Amino acid sequence: MRPPKFLGVFSKNSPSAKKAGALSSGPFYFVWQLDNGSYAVQPLDKAFIATGPPVGVSAKRLRAGWRLEPGILAAPVTTPDFRHLALEQPPRKVAELTDATLASLERARKAKQVENDLRTNFDKALRALNRPRDRKGALAAIERLASATEGIEPVHKHMFRDFGVSLRKKSLHPQALKCARRVLELAPGDDHAHFNVARLLDLMGMRDEALAHLRQAMKIDSREPVYAKFKAYIEGGSHNRSKN
């Protein structure tokens with residue numbers, strides 16, 4: 001299966017922009033081309049941060065409704081899961097919004113605010129790690145962020161995944177593992193989340209636990225060759241492991 005191809009940042013077409021040839025003021029979207037010939041679009045805020053999950057659109061709707069903005073070089077930090085795309089729905093009139101819809105929108109707004117706050121504090125903590133006198137406090141702040149529960153929703157799995165990647169790159173494996181496990185709490189059926197946990201467990205020398213998560217990842221998606229290769233890599237004992 002061919003992986004989705006990221007096409008760039010697109011804006012919604014507007015008659016005035018078409019006539020004047022002016023740059024669009026938004027709204028903006030990340031767009032991917034899928035292997036079945038359709039597309040996925042993901043809404044962005046003014047900072048080009050995703051504000052919701054991607055939705056599927058046909059090639060015809062993409063040509064009619066969106067246009068590429070080649071001057072905007074933003075790109076997604078992580079690739080979303082496209083396996084359960086919802087179809088893009090036409091705009092609804094305000095009068096048609098039900099109480100349930102309004103409640104859902106408010107929940108999404110609060111979830112985005114929580115994510116913005118946590119990401120801001122995480123970035124501050126990462127910067128503080130480079131200052132010896134602040135390192136202890138920064139590590140404590142990271143522990144608190146990894147354990148945050150208030151206002152956390154399943155959509156925050158991407159945030160915790162990003163946290164884990166950043167911490168792994170800094171060799172903070174225990175903290176990265178905590179964030180990776182949070183992803184699993186929010187999305188227990190995410191095979192890639194099991195794989196990320198397995199990678200960290202292997203780095204920390206916990207071979208049996210790593211293999212258990214790899215087997216679970218393979219159970220969820222048996223077609224992904226990386227999982228089987230990594231399983232064989234661990235079982236072969238061809239790399240050094242340090243016990244924590």
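The legends below describe close-up views of a predicted model.

Local features need pLDDT of at least 70 and side-chain atom pairs count only at pLDDT 80 or more, while totals for chains, interfaces and linings use all residues. Residues are numbered from 1 along each chain as its sequence is written, and side-chain values use heavy atoms, with hydrogens and water left out.

**View 1**
Strand S3 covers residues 39-43. Helices (H or I, at least four residues) and strands (E, at least two) are DSSP runs, numbered from the N terminus. Four of the five residues of S3 are buried, and the strand is mostly covered. Buried means under 20% relative accessible area, exposed means over 50%, and partly exposed lies in between (1.4 Å probe, protein chains only). Strand S2 (residues 28-33) runs antiparallel to S3, and five bridges join the two. Strands pair if DSSP finds at least two bridges between them. Proline 43 in S3 stands opposite tyrosine 29. Five residues separate the strands of the S2 and S3 hairpin, where glycine 37 has a positive phi near 90 degrees. S3 also pairs with strand S4 (residues 55-57), again in the antiparallel sense, over three bridges. Valine 41 has valine 55 of S4 as its bridge partner.

**View 2. Glutamine 42 and its surroundings.**
Glutamine 42 lies in strand S3. Its relative accessible area is 8%, so glutamine 42 is buried. A polar atom of the glutamine 42 side chain lies 2.9 Å from the backbone oxygen of glycine 52.

**View 3. The salt bridge of glutamate 153 and arginine 107.**
A salt bridge is a side-chain nitrogen of Lys or Arg within 4 Å of a carboxyl oxygen of Asp or Glu. The count by this rule is 14 salt bridges. In one of them, glutamate 153 meets arginine 107, with the closest N and O atoms 2.6 Å apart. Glutamate 153 sits in the loop between helix H4 (135-146) and helix H5 (157-169), and arginine 107 in helix H3 (residues 99-128), so the pair ties together parts that are 46 residues apart in sequence. Glutamate 153 counts as buried because its relative accessibility is 17%. Arginine 107 has a relative accessible area of 51% and is therefore exposed.

**View 4. Further salt bridges.**
Arginine 207 and aspartate 208 join their side chains in a salt bridge of 3.6 Å, N to O. Aspartate 208 is exposed, at a relative accessible area of 57%. Arginine 207 is partly exposed, at 31%. Another salt bridge joins the side chains of aspartate 221 and arginine 223, at 3.8 Å, N to O. Arginine 223 is exposed at 63% relative accessibility, whereas aspartate 221 is buried at 15%. Glu115, Arg119 and Asp162 belong to one network, joined by salt bridges that share partners.

**View 5. The aromatic pair of tyrosine 29 and tryptophan 66.**
Rings of Phe, Tyr and Trp (its six-membered ring) pair if their centres lie within 6.5 Å; planes under 30 degrees apart count as stacked, over 60 as edge-to-face and the rest as tilted. This rule gives 11 aromatic pairs. One of them is edge-to-face: tyrosine 29 and tryptophan 66, 5.7 Å centre to centre with 90 degrees between the planes. Tyrosine 29 belongs to strand S2 and tryptophan 66 to strand S5 (residues 66-68), so the pair ties together parts that are 37 residues apart in sequence. Tyrosine 29 is buried, with a relative accessible area of 13%. Tryptophan 66 is also buried, at 5% relative accessibility.

**View 6**
Phenylalanine 195 and phenylalanine 230 form an edge-to-face aromatic pair, 5.7 Å centre to centre, with 75 degrees between the planes. The pair links distant parts of the chain, 35 residues apart: phenylalanine 195 lies in helix H7 (residues 191-203) and phenylalanine 230 in helix H9 (residues 225-236). Phenylalanine 195 is buried at 9% relative accessibility. Phenylalanine 230 is buried too, with a relative accessible area of 15%. Elsewhere, ring pairs link Phe6, Phe30, Trp32 and Phe82 into a cluster.

Terms used. A polar contact is a pair of N or O atoms within 3.5 Å; within protein, one must be able to donate a hydrogen and the other to accept it, and residues adjacent in sequence count only if both atoms are side-chain atoms.
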